[in-house]
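Biologist: I would like to learn how to read features of a model one at a time, with the general idea before the particular case. Could we go through it together?

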Amino acid sequence: MKLFDVYPLFDICIVRGKGCHVWDEGGTEYLDLYGGHAVISIGHAHPHYVEMISKQVAQLGFYSNSVINKLQVELAERLGRACGYDDYQLFLINSGAEANENALKLASFHNGRTRVVSFGKAFHGRTSLAVEVTDNPKIIAPINANGHTTFLPLNDVEAMRTELRKGDVCAVVVEGIQGVGGICVPDTAFMQALREECTQTGTVLILDEIQSGYGRTGRFFAHQWTGVRPDIITVAKGIGNGFPMGGVLISPMFRPVYGQLGTTFGGNHLACAAALAVLDVIEGEGLIENAGRVGTHLLEELRKLPQIREVRGRGLMIGLEFERPIKELRSRLLHEQKVFTGVSGTNVIRLLPPLCLSMEEADTFLERFRKVL
């Protein structure tokens, strides 16, 4: 049997990671500015993380959700305090797509509606409802194209008000900062108007913080820069530093009903140990503050480079848009300068390094980047 050919792959086999660096099987070291999922260290290599997972898997890695799991209770309490939503409820699952699926189901159970508003360039996952609210027709199979979603331009207040005032919108789902869409940042005025309209029309506001959350922007959630409080928040990636895990943070206005939601593996003991270790390291090493500080430095320096058409983002979530396709530039960064970066479309380079990126490592990237411009 062969692997199903899903991704175009770099001809590089990574075997080890630590901090913001990875090594291939030949021993070549790379600076990785596109961990994305990694908030404390690439490759699960932080010693505290390794210790907590190792101890837990030696004791109990998984057991059914039909019994009490005190690690889930501890995680809910810790996460609530860390992010400022201690009055919310937590439902744990396995991925970001699952988080968005369950958020949309909860919204529909709550108000009985079926239409969703999403935004141009949005990405919310690859499963049934999650892919239907994703603005990419190429990955929406006919079976998923069920007409539930209306796509609007991001930051267009009047278009948003027009749709919501029709009174039939179940939920609005919006990313704290669009990741796959090219690091597009929602305006504060737009977000505040969106919150007001959702409240007035009985529409559920869902904030997808799967890429932009967990401290990446210098605050726990990207939407916290705008002063709004959504009804539901979805998280994944950073919650377990790449361990398969997702979560839905649910406003007190939702009352749980037995049987509506469920999961076999969500919130298993090993995943909870990973998530608790992540919170330990984020808090103990001041990684959110570091992301804000180092990210501000990177943004300031990158905006000085005339070759870049536009620099977007907050903290360590940065998009670099060029006038021309960046395929060759990104390839040279990787093969000549040994730097991994991400991409969005044909003209945007994405930077989402671990939150432990130091000023020295940021300057190393800038030095290498200038060489290939």
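Biologist: Which residues does S212 touch, not counting residues up to four places away in sequence?

Modeller: Contact means heavy atoms within 4.5 Å, and on that basis S212 touches G176, I177, T217, A222 and M317, leaving out residues up to four places away in sequence. This is a predicted model, in which local features need pLDDT of at least 70 and side-chain atom pairs count only at pLDDT 80 or more, while totals for chains, interfaces and linings use all residues. Residues are numbered from 1 along each chain as its sequence is written, and side-chain values use heavy atoms, with hydrogens and water left out.

Biologist: Is S212 buried or exposed, and where does S212 sit?

Modeller: Buried means under 20% relative accessible area, exposed over 50%, and partly exposed in between, with a 1.4 Å probe and protein chains only. S212 is buried, at a relative accessible area of 1%, and its place is in the loop between strand 8 (204–208) and strand 9 (232–235). Helices (H or I, at least four residues) and strands (E, at least two) are DSSP runs, numbered from the N terminus.

Biologist: With which side chain does the side chain of S212 make a polar contact?

Modeller: A polar contact is a pair of N or O atoms within 3.5 Å; within protein, one must be able to donate a hydrogen and the other to accept it, and residues adjacent in sequence count only if both atoms are side-chain atoms. The side chain of S212 makes such a contact with the side chain of E209 at 2.5 Å, and a polar atom of the S212 side chain also lies 3.5 Å from the backbone nitrogen of I177.

Biologist: Turning to helices, which residues of helix 1 are buried?

Modeller: Y49, I53 and Q56 are buried in helix 1. Seen down the helix axis, the buried residues fall within an arc of 70° (taken from the directions from the axis to the C-beta atoms), so they line one face of helix 1. These buried residues pack against helix 2 (70–83) and helix 7 (269–284), whereas P47, K55, A58 and Q59, on the other side of helix 1, are exposed.

Biologist: How many residues of helix 7 are buried?

Modeller: Helix 7 is mostly covered, with 13 of its 16 residues buried. At the start of helix 7, a side-chain oxygen of N268 comes to within 3.1 Å of the backbone nitrogen of L270, and just after helix 7, G286 takes a positive phi of about 60°.
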